[in-house]
Amino acid sequence: MVSVTSLLALAYLACGLVPFALVSSVRRHSKKPGSTGLLVALIGLSIWSVAYGLAITSSAYSTVLALGSLVLFGGQLAAIGYLFLAIEYTETARLSTRLVNAAAVSVLAVQLLSLTDPIHGRLWGPTARPILDIGSAEPLATVLVVSTLAVAAVAALLLLADVITGPRARRNQSLALVAAGVPTLVITVIDVYVIDATVFSLLPFGVGISVFAIAWALFRANLLKTVPVGHRRIVEEMDDAAVVLDAQDRVVDCNPAARHLIGVDGDYAGTPVDEFFDTVPDAIERFRDTRGVDTEVTIPTDGERRDFHLTISPLEDGRPADATGRLIVLRDITPLKERERALEQRESELEFVSQLLTRVLRHNLRNDLSLVRGYAAMIANEGNPTVAPMAAEIVETSDELLATSRNARTIQRIIDREGCAEQLDLADHLEELVGLYRTDEIPATISLSIPDQCAIETDPELEYAFDILLETTLEHADPQATIEVALERTDEHATVTVIDEGACLPQTELAVVAQSDQQLFEQTNEIGLWIVHWIVERSTASMAIETGRNRNLVSIHVPRS
């Protein structure tokens, strides 16, 4: 017949194997906050239950002592892992190397003290069943048990506080983690202080409850899959250096980016701000300013000087007049400053080239072309049948180049001019403009239909658009054509329409206006219509082009105010 001890041992072993079913799920999310502590806790629960199940089946003192020490080891791991989980998950503190090392040292010290008890007898005393018979142990054993319970209790309280005050998104997860720890704590107290007269324990069954609660948190509450990222996590992973000062300007906390920038290790808490930033003398005066600071500083780091955007803002406890500290943030803007400097240099070079080309177009090219055109016109007028046609072609080419020069100067003037709305009588302007083009050199007829006056408030460069539009239309018009210029007005708008009943506008020029493709510009020097469109687009006006059989209609629609 199977004994009760054997059945309980099998039950304890089964409870101890259950946590391993969750280990793989936890390891898949090893980079999430709390995963390290949860993994340690699961391993501790497993060792705790399995070692207890094996220990109750043995009567040899050395075997019981070894297995009992493993029970103690598993219990400590479970409590410490639970605390690490709570600390990381609730962002109470940073899981630092110092804290992990301290926990490891305490566990090893307890194991050494337990395994050497036959020599000193300070822990388990004269009992033949160490750890299993806690009632006859020395007071130091009780301290050890109580301290382990205290560690787990602190973790449970942190998680319970998170349930009450934490973000709603993780309350169900925190509640499940509380449920994983509290029942085991209660069962431990009952086991040690209520039924300690027997070697049988309820603790392994508490392991089963804990594992069930953890499994629910993992698979139903999506623990580790959708861990809400808290403020500390964000600050830890941000590239900006962040430093928190207290009211006495001592460093309270800083993120890894700040520690790397300043070159300090983990021992920085309580350091005065001047000492903490002693490698940044240019910025120390800024740190003494108790008001908000928003400026740029240069800091030597990694063998080079880099530019940073510095912000210092007060930390208040709800009362604006009572600041509890300050937050210093340093953002590396070196790449931005380098791009700004490169852009400024590029703009300076472009400005120089623009001024140079403008002077060449305004003086050298225009004057020399005018001289060439004048001589060519004289040769063409002499009537020499051999050279006159060539001279006429020189005159025509010179006129085109001069027109290109005028267009370039017009574009430059528009770019350099600071646009602001001005009053303009559009009727008077069109009348004056048409008068300038009614000359003997232009054979086409220009008709004008305008009201007595038409006051508008518009961008001053729009005047160039009307001028270039009429010039472009005349360039493509037949000599016998009639160009109609009309102005219509309403209370809100004025519309200028130019109609040519002669030849159609060239398709290349229309394509340039429609597409503004650089390759199209390379295929033609007829850009007058494009300049008109460009000026209109820069203003509050709009433009429409209609072409048909030997008919072109271009209209510019201008708001009157």
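Biologist: Which helices each supply at least two residues of the lining of the largest pocket?
Modeller: This is a predicted model, to be clear. The helices are α15 (388–416), α16 (426–437) and α17 (462–476).

Biologist: And where does the largest share of that lining come from?
Modeller: From α15, with eight residues.

Biologist: What volume does the largest pocket have?
Modeller: About 990 Å³. The lining has 30 residues, and those closest to the pocket centre are D399, A403, R406, E471 and E475.

Biologist: How many of the lining residues are nonpolar, polar and charged?
Modeller: Twelve are nonpolar, seven polar and eleven charged.

Biologist: OK, packing now. Which residues of the largest nonpolar core touch the most other members?
Modeller: L38, W48, Y82, L159, I214, L218 and L223, in a core of 44 residues.

Biologist: Which elements give two or more residues to this core?
Modeller: α1 (4–17), α2 (20–27), α3 (35–55), α4 (61–90), α7 (139–165), α8 (171–193) and α9 (203–219). The one that gives the most is α4, with nine residues.

Biologist: Take L218. What is L218 in contact with, leaving aside neighbours within four places in sequence?
Modeller: L22, V26, L38, L223 and L224. Two of these, L38 and L223, are also on the list of residues that touch the most other core members.

Biologist: What about a second core, which residues does it include?
Modeller: The second core is separate and has 41 residues. Among them are A444, L474, L487 and L505.

Key: Residues are numbered from 1 along each chain as its sequence is written. This is a predicted model: local features need pLDDT of at least 70, side-chain atom pairs count only at pLDDT 80 or more; totals for chains, interfaces and linings use all residues. Side-chain values use heavy atoms; hydrogens and water are left out. On a 1 Å grid over the protein atoms alone, a cavity is a set of points where a 1.4 Å probe fits but cannot get out, and a pocket is an open set with protein on both sides within 12 Å along at least five of seven lines; lining residues have an atom within 4 Å of a point. Grid points are joined across faces, edges and corners, and a volume is the space filled by probe spheres set on the points. Helices (H or I, at least four residues) and strands (E, at least two) are DSSP runs, numbered from the N terminus. Ala, Val, Leu, Ile, Met, Phe, Trp, Tyr, Cys and Pro count as nonpolar, Asp, Glu, Lys and Arg as charged, and the others, Gly among them, as polar. A nonpolar core is a set of buried Ala, Val, Leu, Ile, Met, Phe, Trp, Tyr and Cys residues joined through side-chain atoms within 4.5 Å. Buried means under 20% relative accessible area, exposed over 50%, partly exposed in between (1.4 Å probe, protein chains only). Contact means heavy atoms within 4.5 Å.
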